[in-house]
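Let me set the model up first and then write down what I looked up.

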Amino acid sequence: MKILFLCTENSARSIMAEALLKHHGKGKYQVYSAGSNPGEVDARTLSAIEHFGLPTENLTSKHVDEFAEQHFDYVITLCDKAATECDGRVNGSNCLAWDFTGPKSREGANPFEKTLQELNERIKTFSLELEHLKPDSISPTRFYKSLADDIRLKTLLIIAVEQEVCVCELMVALAQDSQPKVSRHLAQLKKAGILSDRKYQQWVFYSLNPTLPIWMKQVITSTVVNEPNFIEQELNRLNVMGDRPARMAKCCS
């Protein structure tokens, strides 16, 4: 699994996140960091990491464009500015937006150490979440049971086409008035390990779990290809909403 952390300068937060996930992942993940306007790694960043007991070798500032041709399972931005500037510049199955205050703008004592501690708590949780995304935990029986419902099946097919959707987009596409009903089906698909989600501002976007076995992904995509009429009306309703960000404005309304 490949994971990329992004911030503007790639001098503090993303460097810390790279070092922390390498530590908590115990070598199981390929972890990188980059910035939209990179400079030198702040010496205070390296000092905080070393004081935390982690190595700082090979922690260098890199430009996000160096990773433009690579695919990542997770692309995680650590500030709103990076989320905007890096949007679409890196290919990621799951794009998460974490907003952490930069240590350079923090007031009080030991700002770099405090930022490192906050990131450490989030990354420990994230590392545990990744541990539960094991493809062998999804049995064929559970997978096919998850498809045995019109709303859940159409949801997966729509996501296969759109890459990711939020609840309100699905409500429009499926012509459903009940948000709890749609959310309940999404929760079942996530609990089964078929979907993953990411939070961005007030929205939660759902996508296919990047660790889903290839044959399961092929079942979903082949259904789209061979039975396009099955979700034709649903996709037409979604297209009426337009593209993002205009579509998101309609969700708010």
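I call a pair of axes roughly parallel under 35 degrees, roughly antiparallel over 145, roughly perpendicular from 65 to 115, and oblique for the rest. The axes are lines fitted to C-alpha atoms, for helices over the stretch in contact, with angles from 0 to 180 degrees between N-to-C directions. Helices are DSSP runs of H or I with at least four residues, numbered from the N terminus.

This is a predicted model, where local features need pLDDT of at least 70 and side-chain atom pairs pLDDT 80 or more, while totals for chains, interfaces and linings use all residues. Residues are numbered from 1 along each chain as its sequence is written, and side-chain values use heavy atoms, leaving out hydrogens and water.

Entry one: H6 and H9.
I looked up helix H6 (residues 150-162) and helix H9 (residues 214-226), whose axes are 9 Å apart at an angle of about 85°. H6 and H9 are therefore roughly perpendicular to each other. On the H6 side I found Leu156, Leu157, Ala160 and Val161, and they meet Ile220, Thr223 and Val224 of H9 (contact: heavy atoms within 4.5 Å).

Entry two: H7 and H10.
The axes of H7 and helix H10 (residues 232-240) come within 7 Å and cross at roughly 125°, so I log H7 and H10 as oblique to each other. H7 brings Glu169, Val172, Ala173 and Leu174 to the contact, and H10 brings Glu234, Arg237 and Leu238.

I placed glutamate 169 in helix H7 (residues 167-174). Is glutamate 169 buried or exposed? Glutamate 169 is buried, at a relative accessible area of 1% (buried is under 20%, exposed over 50%, partly exposed in between, with a 1.4 Å probe and protein chains only). A polar atom of its side chain lies 2.8 Å from the backbone nitrogen of cysteine 166.

Terms used. A polar contact is a pair of N or O atoms within 3.5 Å; within protein, one must be able to donate a hydrogen and the other to accept it, and residues adjacent in sequence count only if both atoms are side-chain atoms.
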